[in-house]
Each structure stands twice: as C-alpha cells, then as structure tokens.
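Please open the model in your viewer and keep the selection panel at hand.

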Amino acid sequence: MATAMVGGAFSVIILTLIAVNHFQRAVLLPKREQKLEVLKLELRSRPNPVPTPAFAGASPAPAQAGVEGNEQLTSQIRQLDLRIRQLRIRRYDFARKGAYLLLASAVTFLIAAKCAAVFRRKLPAPQPQPDRHDRQFHDAKWARQAVTGGLVMLGGAALILALIPEIDLSASGGVPAGFASKEDVAKNWPRFRGPAGLGVSAYTNIPTNWNGKTGEGILWKTKVPLPGHNSPVVWDDRVFLSGADPNKREVYCFDALSGRTLWTGPVQSPTVPGAKPLELGEATGYAAPTVATDGRRVCAIFPTGDVACFDFAGKRLWATNLGTPDSAYGYTSSLEIYRNLLLIQYDQENVEEEKSKLIALDVSSGRIVWQTKRPVPGSWSSPIVVEVDGCPQVITCGNPWVIAYDPSDGTELWRAKCIAGDIVPSPIYAGGLVFAIEAYTKLVAIRPTGRPVRQAQGRGDITETGIAWSVEDSTPDICSPVSNGQLLYLLTTDGLLLCYQVSDGKKLWEKDLKTNFLASPSIVGDKLYLLSAEGVMFISQIGPFDKAQGRPEYKELARCELGEPCHASPAFVDGRIYIRSSTHLYCISNRRDG
Amino acid sequence: MRRCPYIIVCVTVLLGLVSPANVARASSPWFTARPVLSTVEGMAVPPTEANKRFPPPEFESGYVQPSPTTPAPRQDIYQYIDALVLLAALGISAYLVLKRRSRSAIFALAVFSLLYFGFARMGCVCSVGAIQNIVLSIFDRSYAVPIVVLAFFLLPLIFTLFFGRVFCAGVCPLGAIQDLVLVRPVRVPNWLEGALRLFAYVYLGAAILFAATGSAFIICRYDPFVSFFRLSGNWNILTLGGSVLLVSVFVGRPYCRFVCPYGVILRQLSRISRWNVTIAPGRQDPAIVMTGLTGGPDECIQCRLCEDSCPFGAIREPTADWTGRDYSIGKKRLALLMVLLPVLALSVGWAGSRLKNVTARMHATVRLAERVYLEDAGKAEGTTNASLAFRATGKPTEQLYAEASNIRAKFTLGGWFFGGFVGLIAGLKLIGLSRRVGRTDYEADRASCLACGRCFEYCPKEHARRKGIEN
C-alpha cells in the first residue's frame, strides 16, 4: 500500500510539472514570439541604408549609422529567435522525459495498488433480499426515467444546436461574390481616370456649364475632412475618396445623390517603436494615390505603405502594411483592381536593391497572391489593365522600361526600353498602341504583343520591334495623355495642349492655354475636358478627323469656373462630374433628380 | 446462426467492399496503416510512386526525416502478421474464456494485447475505428477499404457470433488499458447503466454519419487512449484520456460500457452467440458439451456469492414473480411504448435533420465555404491557410458554395437517419425495460458481459470443476 501511495504521489507531482511545462510552452513562448514578430516588422519598416560613396560628396555618417542600427536589430532578432527555439526544444524534451517518468510511476502505482486490492479483498457475504420484487420494479422504473431523461437532454442539446444560425451561402449578404462585369465597370468610374485608367467616359450627357461661385450647375458640395490629391472614384450611388495628414489616414464614402458622408474608414499604421514619422512635401501630400473599387469593396493605399480594404458599408475587411516605400517625392501610384486582384505598382528608389515590384493582393483577404520584381527605380505613374488581342495585360511605366505583365500570375509579357527620368504620367492604351511619356522630351507609341506572341516567344524585349513611333516634344511631366483612338492629347503642367495623330505620331496642333494644369485630361463623347489647377474647366471640341474637313484645330466650347484650386482628375458618370478641389468634393449636374 | 459470419462476408462482397481492384489497392501500406480519410488523389498515386517522383532531400547532418503518418506505414507482410496475431489472440481468448476459464490467463492476454496492439502498433489499426472505413467504403465507391482493416473489423464480429465478447475480454487494447487501471471498482446503479449506454448508440450514429458523408473519422479523432499508445498527443486528447483512465480506476471500463461504438455492435451479436460465458460451468461449457457431459437444470446453486463480483454490472439476478396487477400495468405500458416507438423515431429524426447547421461543419468543404463567405462578407478577420489555398486555385466561390450546399443536403438526410436511429434505440430500450424477463439463475448478461472471467472464481461449482481437473 505504501508503494502505491508513493507511486501515486510521484505520479501527481510529475503530472503537475508536465502541466506547468505545458502552460509555459502554451502561454509564455507565444509572448516571446510576438515580440520577435514586432522586431521583424520594425526591421522591415526601416529603410535599407546604403553607405554613400565618398566621391559622391555627401556625408556617409547618417547612412553608416543606419547600417549599424539595422545590424544591431538583426542581431537582436537572431538572439531572440535562437532563445525561442532553445526554449521550445527544452520544453518538448522536458515533456517527453516527464511522460516516460509518469508512465513508470503510474505503472508502479497500479501494480502496487492492484496487489493491495487483492490482499485486502473481502470474502463475499450476501445479505438476505426480502424485497427483490420491489427493488427490481423500482430499478426498472428509474431506468425508464433515466432513459427518458437522457433522451430529453439529448433533445435539449439538439434544440440548442439547431438554434445556431446557418450561414446562408446562397444569400448575397455582405460583399457579393464574383467580379464586376465589364459592362458594370464601363458604367462607373472605378479607379484613377475611370475604366482602365484611360480618362474616357462612357457617357455623353455630361454638363458643360456651371459656376462654382454662383452655385449654378452645382448639385452638391461637401467638405472633405482631410486633404489629398487623389481623384474621386464612383460606383453607382457612392463616391469614394481618401484623405490624410501626417498623423491620420482615412477613406471616405459619399452619397452620390446628396453628397452626405456615408462613412469614414480610418486606416491605422502598425506601431513601430522608434520609427520616424513620414515627412512629405505639399505637392505630393499624404494621400496622392487614388482608391479603386470593384463594385463590392473599395481599396486605398497611402504613402506610408498602408493598404486597406472596406466594404460598401464601411466595414474594414482587411488592412496591411507593405513597408514604407522609398520614394523621393512620396508614393503616388494609384490602385487597380483586376478580377480578384488588387494591383499595386510599388516602385522604389535604388534600382540595385531590387525593391521595386508589382504586387497583387487578394482583394478579399489582403494576402499577397503574387509579386514580381521590377528593374526600375522609383516612379509615380499608375498601372493599367487592358486587353490586347484578348489577352489581359498590366502595363506599367518606369525608368527606362515600359513593361507588361500577365495579371493572373505576374509573369512578364513584354518590355520596351524607351523612357527615362522621373516617370509620373500613366500609360494609356488606344488605337492598338500603348502610349508612354518621358517628361519634357518624348512621347512613345508601342505596339504591344498579345497572347500569340507570348506563347510563341515567351517574354521578350520589344524595344527594337515594338516601338511604332516616337516623337520628341514638350511632353507633360505630370498629366497623363488621353486619346479617342484617333487623336492623342497631351497637356503639360504649364498649359500647353498638344494634339497628335495616333496612327503615325504626327503633331496636328498645339495650343497654349496660359494656365497651369495638374489634373489629367479626359474625353467625354466628342469633348475634351481639361481642369486647370485654378479650378477652371476648359471644354473643347474634339474635331472629327476627316481629311475632307481639313486639319482639326483647338476649338473651345466653354470655360466653367469652380472657384477653388484643383489637383485631382475629375470623374464623369451619367450626367454628372465629380470634382475634388483642395477642400471640397463637388458634384456638377444639371439634373436635380439624380 | 452459424451461417451469420458467411452472410456478413457475402453482404460485404455484394456491397463492393472487397473488389479485386480494391484489394489490389488496399494492399498498399498507405491504406493498411492509415484508417483515416484518404483523398481521392492519394488513392490515385500510391506513396511509393509519389516518393519516386518527389524524392525527399538528403541531410548530411544525419537528420532522419520523420514519417508523415503516425504510425508509419507497415509493409504488407507485417500487416498480414497483425491480422494473424489478431486471429490468434481471438482464438486464445475464446479458449481461455470458455474452456480454460482462467481470469489470470485472460489478464495476461490483455496485457499482451495492450503491449502489441496498443503500444507496439500504436493503436492502429483498431477494430473500433475500422467501422468508419467500412462505412465510408459503402458510401464512397472511390474509397477502397484495406483488406487488413476489413479483417480487423470482421474477425471480432465473427468470433463474437460464436463465442461472445471474447474480443473485449483480452484482445481489445482500449479495454485492456482500462481493465489494468481498475483498482477500486464502484458499482454503477442498474437503473443508470442503461441510460448511460444510450450515449454509445449516439456516438455510433454520429460516427457513421460523419464517415458516410466523408467528413471525419471521429472515433479516431477522439480516441482517448491513442495518445498514450503513441506517447504523444494533443494536450486536449491527453487530458481526455487521463480523465477516462482516472474514472477507470473506480468505474470498470467506462469507455467500453458507455462510449464504445464497436461495443454496441458486439452487444447485439453476443446476444445471439453460439456459446457464451456462464458463471457456473456446466450447461454451456463447450468442453462439457463436446464430451457430452451436459449439466442438469440446477447448475446455479443460488449461493449469491457472485452477485457483486462483476465490476461491469453484467451479472443478472433471478427475476421476481409478477403479480396480476404488474402484468396489467406492464401490458398497457408496453402497448403505449410500441405505439410511441415510430413517433419517437420520427421526432428525434426530425431533430437530427435540424442539426445540419452544426453537423455539416464537420465537413472540410462546408467549413471552407463558410469561411470564404465570411471573409468575403467582411465578417471574418484575415484568412486561414485553407481559404488562402482555395483562392489560389482560382476556383469560383459559387462552385464551392454549391458543393457545400450539396453536402449540407446530405447532412439533412443523414440527420434524419441519425436521429431516427437514436430515437428507435431509446424507444426499444424503454420497451426492453418494460417487458418481463424470466430468469431463475444468476447469469452473466450476454450483451453486457465482457468475458473478463472475474466471476468464475466466485462460483463454488467452478472450484469443484477445477478440483476435478486437478484430480
């Protein structure tokens, strides 16, 4: 008996120690792992400083200090990682040895206890049973009641479980499944410069007369809480914008009918101890990239590397941080959504560090589906997705490459080396050509290769074979081009409007509008809309390119004043224009019924 | 009754459980040592071929890659040895229980079974879990049940049909480990025993439902002892197993009596077995039957020495006589219960069908569909590995939802059967408790007796028999 007691006590002690060991492994280790993750995040968010060569004339001290700081952090991470691994292995080892000890002590206890039980067993001494009848009936009655009670308990449990609501997979609650159709995309203004980023509206019933000072033609005007140079995005009855200052980042949803703010979605950055706040100039601001929507969600990106996605009710679906991009003027590339993918052109400085990449996030979860490195330094243009011979392509511009990718997996389709310098204007695709701009000097027309070429030749440099034409001229440094397929318009920041023939690049005319422009031009039917930095919309006629009517010229139809400075490109949707000024969002419409 | 084993084999073949192709595929170690859900892809490419196609890396440090399955797949010959060991153990158990009538020898056999089928074979394949393989192979023709698993399922059933629950006596490692730790047995009241046993039927029904729908092998997943056999396991399962063993110190074989789904089948077969355990040697002792030494009608001398000897509550005392009033009330009750039986089965069946919201979530596809839906609807934060992998396939969510809806429909139908089964069993149990059973001797209950042999030595007739053998 004494042996059994000792064995039992020893078993209890071992069991307690194993339980404590398990608690330490299950509770304490994850805390250390969390700390490790924070350190890793901090390292990832830090810029990767490269010591400046002495002959560059700059002081190497700050970069050197950055390198040392990073090395220190890396060393700290390694030590902590090693410590966690050691602890984990030690705990497992402890549990394994403890299990063997427990087994041994339990066996000892059992053998001793069973022996003791045998030795202490008493001889059976049956007592008289005069009440067998009553006892048996009593047992049977109680047994029936126990079975009935068990059944009732089972029924109660089933009832409770049945009350758990079923997720109705056939219902379209929340975010609808699937993707928006091409028709729906064309009907709306889902991204920077509308469908496919071409700056061309599907509507022709757009106002041509308004005055912001008198209120004529202004359907509503709503103050935007935080500043930003990004452009309005419209889907059905909702208008989306983002705004930010050094401390706050927000996504806004406005009612397209009334201008009422439907919701504001805050976007938080991860807290990185010791990280310096991002400092950006006013020209770029803290919310330059335009949001994008797929008709189910709206996604936004900020120069801090924060990406967030909201449903149309304003609920944040997910948020992530890609790490602060290393961009000389601040990050400005707008988002594009293709099917289930959110495409982000994440170009960064120092091409030798290979930090630039095109990233595709799953729009429903925010997880990276694919990412492809790009051989370019920082750029500020936005990607577009167009169909070339039925093959969807993501077309991007960066110094010196115009590169197309397969949006399904990020595979490079073709590239052309044709532009240089700081690349801000976004490419467009019109008349079977991709147009890219090198600031101040060059306009390039590229004949992209479609699917057959890809299948036959794989990826390829089409610099020699794919450049349809190029012209050297005073090209824009900020505004993107626009084309109706026959005529191509360029608008420089200082107001020079140029018109080219798409087919051969022949310049047809140019017009100095004598004011500054930051918003990109747009085409609505047969009219060209140009919004100046002072808020004046220049509306001109796109001349029918017909040799019988002679050489087309600039023909101004109207000038409409808003009365506020404007940097963002307007959105044109079904009888309305949405313009973001420096402080307000305007809806211009001649129709009051919406 | 002697034809029953053959009938089972014939039905099995007719149901297509053992087709030549199945047998060929089942001979792969992958299947024989893995009575868990296998994917169709896994069946199409045997692991040996898969290994050739994707050879694992070689480590210069001497690191040995662990097997991806637990326990590691057995070579064919060893699987058949396992089946032969099982066959031999069952034969020995039958001999020890019915002819030798030796508790210590049965105990020794139980220790061997625990060491071999439990610790050495790590509790796999086990006859209890094999139920699910059989059920899955019936409902999913693409699933081939391994022939060794089939043997582990059928052999104990066949032996039970002839010799009673000799499998439970000394062959089942799950029973053996509980039997070993039983130190101070406490008797569970008779009236409670039947109600607690209802849980085993519920568990069997649930195991069949989930296996038939290809959702999960819950018997394996929630096997409380397998983590002991493997000296490793999930903390929750270890806690569950520890708790069951702790209870087993005081309550004889609680898992076998109140949980084991295989035991439910064995109970029914044992009722009709050719030979069975008797407390007193004599009438049904095969040795005596074979030698023609049949005992007289008064084998039991009503000494009552054995009435408290069974820690499993399997000894039934002689029944008291019923009065006329007892008969009158009993008849009415019985008639009422028989009328209510279909009502009970249908109503519990309906309740079972309403459980599909919960039960269908045991299926991975339904779980994935709901997760994807919640993520898309913004009602779930982040993603899971499964949802991420699904999205990477590019498969439309509508297709996933349609598959999940089909599976839910299966659970609606399955829930009817599951609930109906539970209701039927409860009703039959109530009927069984309401009818008169005539019994004049102290007897081991055919269904409940685990053939452990503890009661033998309490019987004076047994002592006389042993003395006669010695003389």
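Begin with H7 and H11 of chain B, which are oblique to each other, since angles under 35 degrees count as roughly parallel, over 145 as roughly antiparallel, 65 to 115 as roughly perpendicular and the rest as oblique. The model is a predicted one, in which local features need pLDDT of at least 70 and side-chain atom pairs count only at pLDDT 80 or more, while totals for chains, interfaces and linings use all residues. Residues are numbered from 1 along each chain as its sequence is written, chains are lettered from A and ligands numbered from 1 in the order in which they are written, and side-chain values use heavy atoms, with hydrogens and water left out.

**First stop: H7 and H11 of chain B**

Select residues 103-120 of chain B for helix H7 and residues 173-181 of chain B for helix H11; their axes are 8 Å apart and the packing angle is about 120°. Helices (H or I, at least four residues) and strands (E, at least two) are DSSP runs, numbered from the N terminus. Axes are lines fitted to C-alpha atoms, for helices over the stretch in contact, and angles run from 0 to 180 degrees between N-to-C directions. The crossing of H7(B) and H11(B) is left-handed; a crossing is left-handed if the near helix is turned anticlockwise from the far one by less than a right angle, and right-handed if clockwise.

Now show the side chains where the two helices meet. On H7(B) these include B:Phe107, B:Val111, B:Leu114 and B:Phe117, and on H11(B) they include B:Ala176, B:Ile177 and B:Leu180. This contact (heavy atoms within 4.5 Å) has nine nonpolar, two polar and two charged residues. In this classification Ala, Val, Leu, Ile, Met, Phe, Trp, Tyr, Cys and Pro count as nonpolar, Asp, Glu, Lys and Arg as charged, and the others, Gly among them, as polar.

**Second stop: the loops that follow**

Move to the loop between H7 and H8 of chain B, where B:Val125 is placed. The peptide bond from B:Cys124 to B:Val125 is cis, with omega near 5°.

Next, select B:Leu182, in the loop between H11 and H12 of chain B. Is B:Leu182 buried or exposed? B:Leu182 is buried, at a relative accessible area of 6%; buried means under 20%, exposed over 50%, and partly exposed in between (1.4 Å probe, protein chains only). Beyond its neighbours within four places in sequence, the contacts of B:Leu182 include B:Phe250, B:Pro311, B:Phe312 and B:Arg454, as well as A:Lys114. B:Leu246 is 64 residues from B:Leu182 in sequence, with the two C-alpha atoms 9.0 Å apart.

Select helix H8 (residues 127-139) and helix H12 (residues 190-212) of chain B, whose axes come within 8 Å and cross at roughly 45°. The crossing of H8(B) and H12(B) is right-handed. Among the residues that meet are B:Val135, B:Leu136 and B:Phe139 in H8(B), and B:Leu204 and B:Ile208 in H12(B). By class, this contact has nine nonpolar, one polar and no charged residues.

H8(B) passes H9(B) in a left-handed crossing. B:Ala130 and B:Ile134 are among the H8(B) residues here, and B:Phe152 and B:Phe153 among those of H9(B). The contact divides into eight nonpolar, two polar and no charged residues.

B:Tyr458 is in the loop between strand E2 (443-444) and helix H24 (460-470) of chain B. Apart from neighbours within four places in sequence, B:Tyr458 is in contact with A:Arg121, A:Pro124, B:Leu305, B:Cys306 and B:Ser309. B:Ser309 is 149 residues away in sequence and 7.2 Å away, C-alpha to C-alpha, from B:Tyr458.

**Last stop: loops of chain A**

Select A:Pro400, between strand E16 (391-397) and strand E17 (401-405) of chain A; the peptide bond from A:Asn399 to A:Pro400 is cis, with omega near 5°. A:Tyr440 is exposed, with a relative accessible area of 57%.
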